[in-house]
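Visitor: I would like to learn how to read this model. Please take me through its features one at a time.

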Amino acid sequence: MSAVTTTGRTSAAGRESSGPRKSKLGWNLLGLFVFVTAGFPVYWMFNTAFKPAKDAIDSDPSLFPTGITLDNFRRALDIADFWGPVGRSLIVSLSVVVIGIAVGMLAALAISRFAFRGRKVVIVGILAVQMVPLVAMIIPVFLLLNDLGQYDRLTGLILTYLTFILPFTVWTLRGFIVNIPKELEEAAMVDGCSRTGAFIRVVFPLLAPGMVATSVYAFIQAWNEYLYALMLMSQKNQTATVWLGNFTTKHGTEYAPMMAGSTMMAVPIVVLFLLVQRKMAAGLTAGAVKG
């Protein structure tokens, strides 16, 4: 009887342990599928960038490059000025990030820490602004910038980008601040700190990873934006995303140089991720545990 009971318990335990293994295998396969689906376009961009131009338009393309060349990068740099648009994109993106984080942090702090009349209206307004399609604001933004004398100017483009990046930074930073216990600030104030001092000494160090993660995503939004840069800037003041349009002409699209230009445009983003990857990982997981 004892042997039968022991055997039954062992088989039950085996079935229970096999369940989590199958579940883990399923999630691993799903993660692998998502990784391949998301990563393949990036791989194909790099693959095409280093292919000979004739292989890039081959009707039967190979998954792996049969030859490697740098001619596509030379062609990309010869078609139009590259460093000018990239420099302008960097100026706009960095300015938007700095202003957005500075203003967004103060706004997020006010929304999450202070009770004031109209607080819920502000929160709903932030969400509503993010739901408005960017294309719906093209004409009003154009007319407003034209009246202010900011059309075809980098300052005008920066102000325009802030209209959709600032709500994103406020909402994201609010989530990080809410997860920092108020008791920490109160304890610092009991020890003699002012409210500002408590924020600088206690809240700000805990908020830093979240600010890094928010800054990276804000930078990516500003760097990759195309519609407003196309409509509000002239050819001489074009940004890097609009610069890629030079590869499409009346004779067709030069895919290999375009992929080379896209690869060069991706370099600042990759470098930024490498520099802040640890802080960003900490920021993405900071809101996972409350208290």
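**A buried loop residue**

Guide: D152 is buried, at 18% relative accessible area (buried is under 20%, exposed over 50%, partly exposed in between; 1.4 Å probe, protein chains only). This is a predicted model: local features need pLDDT of at least 70, side-chain atom pairs count only at pLDDT 80 or more, and totals for chains, interfaces and linings use all residues. Residues are numbered from 1 along each chain as its sequence is written, and side-chain values use heavy atoms, with hydrogens and water left out.

Visitor: What is the phi of D152?

Guide: Start with the general idea. Most residues other than glycine have a negative phi. Here, phi of D152 is near 60 degrees, a positive value. D152 sits in the loop between α6 and α7 (helices are DSSP runs of H or I, at least four residues; strands are runs of E, at least two; both are numbered from the N terminus).

Visitor: Which residues have the most contacts inside the largest nonpolar core?

Guide: First, the term. A nonpolar core is a set of buried Ala, Val, Leu, Ile, Met, Phe, Trp, Tyr and Cys residues joined through side-chain atoms within 4.5 Å. The largest one here has 48 residues, and V96, Y161, L173, L207, Y228 and W243 have the most contacts inside it. The elements giving two or more residues include α4 (83–113), α7 (154–178) and α9 (195–224). α7 gives the most, with 9 residues.

Visitor: What does Y228 touch?

Guide: Leaving out residues up to four places away in sequence, Y228 touches L134, M137, I138, V141, L157, T160, Y161, F164 and M233 (contact is heavy atoms within 4.5 Å).

Visitor: Is S89 buried or exposed?

Guide: S89, in helix α4, is buried at 4% relative accessibility. Beyond its neighbours within four places in sequence, S89 contacts W223, T239 and A240.

Visitor: How is empty space found?

Guide: Rolling a probe the size of a water molecule over the atoms shows where it is left. The largest cavity here is lined by residues including S89, Y161 and W223 (on a 1 Å grid over the protein atoms alone, a cavity is a set of points where a 1.4 Å probe fits but cannot get out; lining residues have an atom within 4 Å of a point). α4 gives the most to that lining, with 3 residues.

Notes:
On a 1 Å grid over the protein atoms alone, a cavity is a set of points where a 1.4 Å probe fits but cannot get out, and a pocket is an open set with protein on both sides within 12 Å along at least five of seven lines; lining residues have an atom within 4 Å of a point.
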